Amino acid sequence: MREKEIQIYYFCINFSFLVNNTKCKSIQKGWFDLKKIGIVIGVILIIALGMYIGFKISGDPQTNLAEDKESSIDNTKNIIQENIQISSVETSVNDEKTTPNTIITYKTYYTKCKHYIQEYKDIDASLVNCTESELKEKCRNWNIEKFSSQEVEMSRDEEKFCNQHYKLKLENNVIVVYNVDENGIETEYEQTGITTEYLTEEDILRLTTGIIIYGKENLTSTIEDYE
Ligand SMILES: [Zn+2]
């Protein structure tokens, strides 16, 4: 085949179905059959289409791999979460017990003066190594509001006067604490030894009138403020 004919021949392969050129046709007669080329192209197109559809249906294998990995991670997460749930259920089933280090808070509401008195106490020996239900049995007058091996909180109402009403007064320039009962009768409770020397004029004025304080804890913190 001459060089020029070869060039035309390749041109014909590429555009054989479009070409309407006499030179091409004459060459096609010798070397190619347009129909055959058409069939070959058709077959190639069908195979390519088939591969494309097949590829789309089965999905990208790398994406599948990634999805598989993700789903296995999800499964692991689920298993871990289930384990956490199971262990938390087990903890609540296995009742905690009080220890010698458990701190007990007793909260009493005194209905006559409407005061809440809160007391923190070290645990009594008889209440050590008790579950919540055992503690309920032993302290029937109390409602258990919080229960853990570190701390227990119990509350109850009492139709009484709290008897923790105090009055701070000045006597001979020294702060004295009085206890005030439900009838308003004052009895000396404590000599603080705190003199007016370092007190402000405002404090001295208030102490001269008398400062009423409810609860032992408030009394202690107020005295500390004056010291
Ligand atoms: Zn009270």
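Asn-172 is found in the loop between strand E5 (165–171) and strand E6 (174–180); helices (H or I, at least four residues) and strands (E, at least two) are DSSP runs, numbered from the N terminus. This is a predicted model, in which local features need pLDDT of at least 70 and side-chain atom pairs count only at pLDDT 80 or more, while totals for chains, interfaces and linings use all residues. Residues are numbered from 1 along each chain as its sequence is written.

E5 and E6 form a hairpin with two residues between them, and Asn-172 in the turn has a positive phi of about 55°. Most residues other than glycine have a negative phi. Asn-172 counts as exposed, with 7 C-beta neighbours inside 10 Å. By definition, a residue is buried if 20 or more other C-beta atoms lie within 10 Å of its own, exposed if 12 or fewer, and partly exposed in between, with C-beta atoms placed from the backbone.

Strands of a sheet pair through backbone hydrogen bonds, either parallel or antiparallel. Two strands are taken to pair if DSSP finds at least two bridges between them. E5 and E6 run antiparallel and are joined by six bridges, with Leu-168 opposite Val-177 in E6.

E6 also pairs with strand E7 (residues 186–195), in the antiparallel sense and over six bridges. Val-180 has Glu-186 in E7 as its bridge partner. The hairpin of E6 and E7 has five residues between the strands, and Gly-184 takes a positive phi near 85° there.

## The four-stranded sheet

An open sheet of four strands has the order E2-E1-E4-E3, with mixed pairing. Its edge strands are E2 and strand E3 (143–147), each of which pairs on one side only. The twist averages 20° from one strand to the next, where axes are lines fitted to C-alpha atoms, for helices over the stretch in contact, and angles run from 0 to 180 degrees between N-to-C directions. E3 and strand E4 (residues 151–158) run antiparallel and are joined by four bridges; Lys-146 stands opposite Glu-153 in E4.

Lys-114 lies in the loop between strand E1 (103–110) and strand E2 (115–122). Its phi is near 55°, a positive value in a residue other than glycine. Lys-114 is exposed, with 9 other C-beta atoms within 10 Å.

## Nonpolar cores

A nonpolar core is a set of buried Ala, Val, Leu, Ile, Met, Phe, Trp, Tyr and Cys residues joined through C-beta atoms within 7 Å. The largest has seven residues: Tyr-166, Leu-168, Leu-170, Ile-175, Val-180, Leu-207 and Leu-219. E5 and E6 each supply at least two residues of this core, and the largest share, three residues, comes from E5.

Leaving aside neighbours within four places in sequence, Leu-168 is in contact with Ile-175, Val-177, Leu-207, Gly-210, Ile-211, Ile-213 and Thr-222; contact requires C-beta atoms, placed from the backbone, to lie within 7 Å. A second, separate core of five residues includes Ile-104, Leu-135, Phe-147 and Val-152.

## Confidence

The chain averages a pLDDT of 77, and 61% of the residues score at least 70; pLDDT is the predictor's confidence in each residue, from 0 to 100. Over residues 15–19 the pLDDT is below 50, and this stretch has five contacts in the model beyond near neighbours in sequence. Residues 86–93 also stay under 50, with zero contacts beyond four places in sequence.

Technical notes:
Two residues are in contact if their C-beta atoms, placed from the backbone, lie within 7 Å.
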